[in-house]
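The following note gathers several points on the structure shown below.

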Amino acid sequence: MNTQKHIGKPAAGEDHRLARAREVLDVEAGAIIGLKQRLGPSFLTAVDLIYHCQGRVVVSGIGKSGHIARKIASTLASTGTPAFFVHPVEASHGDLGMVTGNDVLLALSYSGESEELLAIIPLLKRQGAKLIAMTGNPRSALGREADAHLDAGVDKEACPLNLAPTASTTAALALGDALALALLDARGFSAEDFARSHPGGILGRRLLTRVRDVMRTGEAIPAVPDGAMLSDAILEISRKGLGMTAVLGKDQRVVGIYTDGDLRRTLEKTSAGALDFTRLPITEVMHRNPRTIGPDRLAVEAVQMMEQFKINQLLVVEQARLMGALNMHDLFRAK
């Protein structure tokens with residue numbers, strides 16, 4: 001029996017599934033766009049409460065709102081606003097001790113009537129903690145208690161039954177991002193600040209790794225004096241394994257570079273047997289004014305320079321003096 005599916009003909013029901021998926025995306029995109037018109041003084045109050053907070057932002061919610069609350073807490077923490085998530089049920093059983101009067105509570109509940117959250121609000125406010133509520137109903141119990149209310153209401157859920165939290169959770173997540181990034185802007189949070197919060201990832205390596213962290217130094221740097229012969233340069237290239245050598249003048253100042261590619265070009269210009277490596281000065285065949293980079297530049301800038309100029313090696317120079325050397329393999333190893 002031939003079980004191979006007919007290629008090129010859509011499976012039954014495929015058009016309906018695509019239509020449903022596109023409808024979901026339209027509804028959720030519309031929910032996010034709808035938030036723009038409701039941003040105003042209350043949003044600015046929320047930003048100010050957090051910006052001037054002497055403690056941390058405690059983010060809480062239950063159910064699907066709890067999952068969104070965890071993500072918002074993580075985004076805040078990684079963009080310069082100390083924050084953590086507390087489950088409202090666990091808060092009622094001891095975790096409330098983690099919250100102080102200097103903190104701001106960001107509470108998420110679409111209905112604004114979550115009993116678990118409402119149970120802890122009076123205790124927190126009694127300590128002096130400020131409350132920011134993110135709900136779909138400003139007139140809810142949570143909304144009325146709040147020092148600032150963020151309206152995350154949506155016209156409808158993307159769920160065809162209008163039951164499963166879909167558009168509402170997307171809107172809450174986007175509103176949390178808007179809050180976090182408004183704070184990032186207010187704090188002047190930089191790329192280096194961000195990298196310090198992400199030292200173990202690719203972003204951290206890109207933003208924290210400097211050329212001096214990956215360059216070769218000392219005896220590992222290939223270099224010959226400007227009085228050397230071509231044969232000396234070739235031996236230095238072979239010994240150091242970087243595919244090039246620096247050519248140095250007085251005080252370790254770089255006057256040129258000679259690479260594997262230069263050697264091939266030298267051979268191409270000279271007929272076979274007519275080249276005497278022992279008598280040809282390196283200064284006659286070296287490349288003057290080589291591309292260089294400073295030791296405190298980002299390693300990712302070295303990669304960009306190599307790609308832009310189609311080179312595989314770089315000399316590391318500071319005030320015209322040779323400090324180190326690296327090639328693309330060194331950067332690959334540093335990821």
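1. Which residues of the largest nonpolar core touch the most other members? In this predicted model, they are Ile132 and Leu179, within a core of 35 residues. Helix 7, spanning residues 167-187, supplies seven residues, the largest share of this core. In soluble globular proteins, nonpolar side chains tend to be buried together.

2. The surroundings of Leu179 deserve a separate entry. Once its neighbours within four places in sequence are left aside, Leu179 is in contact with Phe43, Ala46, Val47, Ile50, Leu106 and Leu150. Another core lies apart from the largest one and has 17 residues, including Phe84, Val99, Leu124 and Leu142.

3. The largest pocket holds about 460 Å³ of space. Its lining consists of 22 residues, of which Thr259, Lys310, Ile311, Asn312 and Gln313 are the closest to the pocket centre. By class, nine of the lining residues are polar, seven are nonpolar and six are charged.

4. As to the elements around the largest pocket, at least two lining residues come from each of strand 8 (254-259), helix 12 (260-269) and helix 14 (328-333). Helix 12 gives the largest share of the lining, with five residues.

5. Helix 12 also contains Thr266. Is Thr266 buried or exposed? Thr266 counts as buried because its relative accessible area is 8%, below the 20% limit for that class. Its side chain reaches the backbone oxygen of Asp262 at a distance of 2.8 Å.

6. Ser231 belongs to helix 11, which covers residues 230-240. Although Ser231 and Asp276 are 45 residues apart along the chain, their C-alpha atoms are separated by 8.7 Å. Leaving aside neighbours within four places in sequence, Ser231 is in contact with Phe277 and Thr278.

7. Two loop residues may be read together. Gln252, in the loop between strand 7 (244-248) and strand 8, has a phi near 60°, a positive value in a residue other than glycine. Gln319 sits in the loop between strand 10 (313-318) and strand 11 (321-327); it too is not a glycine, yet its phi is positive, at about 50°.

8. The accessibility of these two residues remains to be stated. Gln252 is partly exposed, with a relative accessible area of 44%. For Gln319 the relative accessible area is 67%, so this residue is exposed, the cut-off for that class being over 50%.

Conventions: Residues numbered from 1 in each chain as written. Predicted model: local features only at pLDDT ≥ 70, side-chain atom pairs only at ≥ 80, totals over all residues. Heavy atoms only, no water. 1 Å grid on protein atoms, 1.4 Å probe; cavity = no way out; pocket = protein on both sides within 12 Å on 5 of 7 lines; lining within 4 Å. Points joined across faces, edges and corners; volume = space filled by probe spheres on them. Helix = DSSP H or I, 4+ residues; strand = E, 2+ residues; numbered from the N terminus. Nonpolar A, V, L, I, M, F, W, Y, C, P; charged D, E, K, R; others polar. Core = buried A, V, L, I, M, F, W, Y, C linked by side-chain atoms within 4.5 Å. Buried < 20%, exposed > 50% of the residue type's maximum accessible area, 1.4 Å probe, protein only. Contact = heavy atoms within 4.5 Å. Polar contact = N/O pair within 3.5 Å; in protein donor to acceptor, adjacent residues only side chain to side chain.
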